[in-house]
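Here is a short briefing on one protein chain. Look at the sequence and the 3D structure first, then read the points below.

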Amino acid sequence: MTDIRAALADAHRREWTAVLAATVRVTRDLDLAEECVQDTYAAALHEWARDGVPARPGAWLTTAARHNALDALRRARTLRSKLHLLVEPVAEPAPDDSLRLVFLCCHPALAVESQVALTLRLACGVATPDVAAAFLVPEATMAARITRAKKKIVAAGIPFRIPAASELPDRLDAVLTVLHLLFTTGHTAPAGPSLTRDDLARHAIRLTRMLRALMPDEREVRGLLALLLANHARRATRVDEHGRLLRLSEQDRARWDREAIAEADALVVSALRGGRPGRFAVQAAIAALHATAPSYADTDWPQILVLYDELLRVWPSPVVALNRAVAVAEVDGPSAALAEVETLDQDGRLAGYRYLPAVKADLLRRLGRAADAAYEDAIALADNDAERAFLTDRRAGSPQAPSSHPY
């Protein structure tokens with residue numbers, strides 16, 4: 001039974017989005033589709049224990065969920081009006097179903113935060129606690145926000161389709177935000193034993209490539225794809241063989257994915273042309289500078305700081321200001337950076353954000369000042385085991401390479 005549970009958990013991580021998207025195509029009702037898919041996963045635990053794990057779990061789950069949906073429609077006496085939907089193949093979801101589901105959830109009738117939260121939860125399969133962590137709000141608050149958003153979509157009768165070309169601009173920023181947050185959740189998992197969740201990171205990249213095919217002239221789409229590729233190129237070197245987190249300065253650059261970095265670099269050049277760049281293009285330029293530096297010592301920190309100044313102009317976020325402070329530490333020293341971090345700490349908007357006390361602790365440590373309290377705060381907020389172990393080692397005074405925030 002343990003093997004069955006592990007297989008089902010893996011299928012949930014890999015297949016949830018595609019199964020839900022295929023089921024929504026039948027029900028046109030998010031709540032009903034989600035209920036049918038949840039029932040399917042529950043049934044799979046017993047049926048796979050009896051019959052064995054199927055060779056293609058995604059196809060099995062998709063077919064079973066759609067059958068559950070059809071049964072529910074029959075019970076509701078609405079099957080006749082849905083018959084035209086049944087001519088589609090049921091063994092596998094269409095390749096762009098996931099992107100359709102993203103656009104469905106990112107509807108301008110919803111507040112932007114609700115669009116992003118609903119999409120992360122339903123279209124991307126991110127757990128509600130992790131969605132809440134991304135927004136720095138309590139889990140109960142996020143659950144209520146997602147429920148309200150689902151009800152509004154149902155009440156508005158929003159169709160399950162890729163919007164017309166004229167409708168895309170109104171949804172693009174929310175879609176890009178969702179894909180970025182999805183990748184971020186995979187690049188550094190908010191909780192759990194592993195630093196990363198590569199399934200989520202790869203899913204974000206795949207959806208972004210699909211979005212680029214749909215909107216090839218959008219510079220910010222190219223910028224986002226470049227950002228994801230430049231960061232994902234380091235995935236093999238971010239922990240050692242024991243799962244210990246490695247800082248950017250410790251990573252073996254010879255093992256970075258040079259093909260992905262070259263593609264990202266070309267996309268950055270393209271995204272920066274044609275006027276002032278948007279927030280994803282600027283972030284991609286920063287990531288590309290890290291990825292293309294021959295060594296940590298050769299990183300062009302002054303140029304990175306200039307880019308952070310521009311990013312703060314186009315996206316005045318306290319998280320951006322915190323990341324900028326890391327660059328300030330490399331250019332102007334840790335004392336100048338600490339003053340900016342303490343201002344952010346007093347501001348209060350990053351309360352509960354685990355990287356604020358982590359950066360503060362690191363700067364205090366570099367200045368030879370007491371950092372235990374800041375480390376304790378960072379450890380208390382870290383639900384990822386690899387991050388918590390790293391911070392615990394730092395607090396204990398384990399020797400480390402020169403510090404930088406990206407890892």
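Predicted model: local features only at pLDDT ≥ 70, side-chain atom pairs only at ≥ 80, totals over all residues.

Residues are numbered from 1 along each chain as its sequence is written, and side-chain values use heavy atoms, with hydrogens and water left out.

**Helix H12**

- Helix H12 spans residues 258–272 and has 15 residues. Helices are DSSP runs of H or I with at least four residues, numbered from the N terminus.
- From first C-alpha to last, H12 reaches 21 Å, close to the 21 Å expected. The expected span is 1.5 Å times one less than the number of residues.
- Ala260, Ile261, Ala264, Leu267, Val268 and Ala271 are buried in H12. Buried means under 20% relative accessible area, exposed means over 50%, and partly exposed lies in between (1.4 Å probe, protein chains only).
- Seen down the axis of H12, these buried residues fall within an arc of 125°, so they line one face of the helix. The arc is taken from the directions from the helix axis to the C-beta atoms.
- An α-helix has 3.6 residues a turn, so residues three or four places apart point the same way.
- The cover over the buried residues of H12 includes helix H10 (198–214), helix H11 (219–232) and helix H13 (279–292).
- Asp257 caps the N-terminal end of H12, with a side-chain oxygen 3.2 Å from the backbone nitrogen of Glu259.
- Gly274 follows H12 and has a positive phi, near 95°.

- Arg121 sits in helix H6 (residues 112–123). Arg121 is buried, with a relative accessible area of 15%.
- Not counting residues up to four places away in sequence, Arg121 touches residues including Trp16, Glu34 and Ile146. Contact means heavy atoms within 4.5 Å.
- Asp217 lies in the loop between H10 and H11. Asp217 is exposed, with a relative accessible area of 70%.
- Asp217 and Leu338 are 121 residues apart in sequence and 41 Å apart in space, C-alpha to C-alpha.

**Layout of the chain**

- The chain is divided into domain 1 (1–80) and domain 2 (323–396). These bounds come from an automatic or database domain assignment.
- The centres of domain 1 and domain 2, taken over C-alpha atoms, are 43 Å apart.
- Over residues 171–271 the chain is 61% helix and 2% strand. A strand is a DSSP run of E with at least two residues.

Definitions and conventions
Polar contact = N/O pair within 3.5 Å; in protein donor to acceptor, adjacent residues only side chain to side chain.
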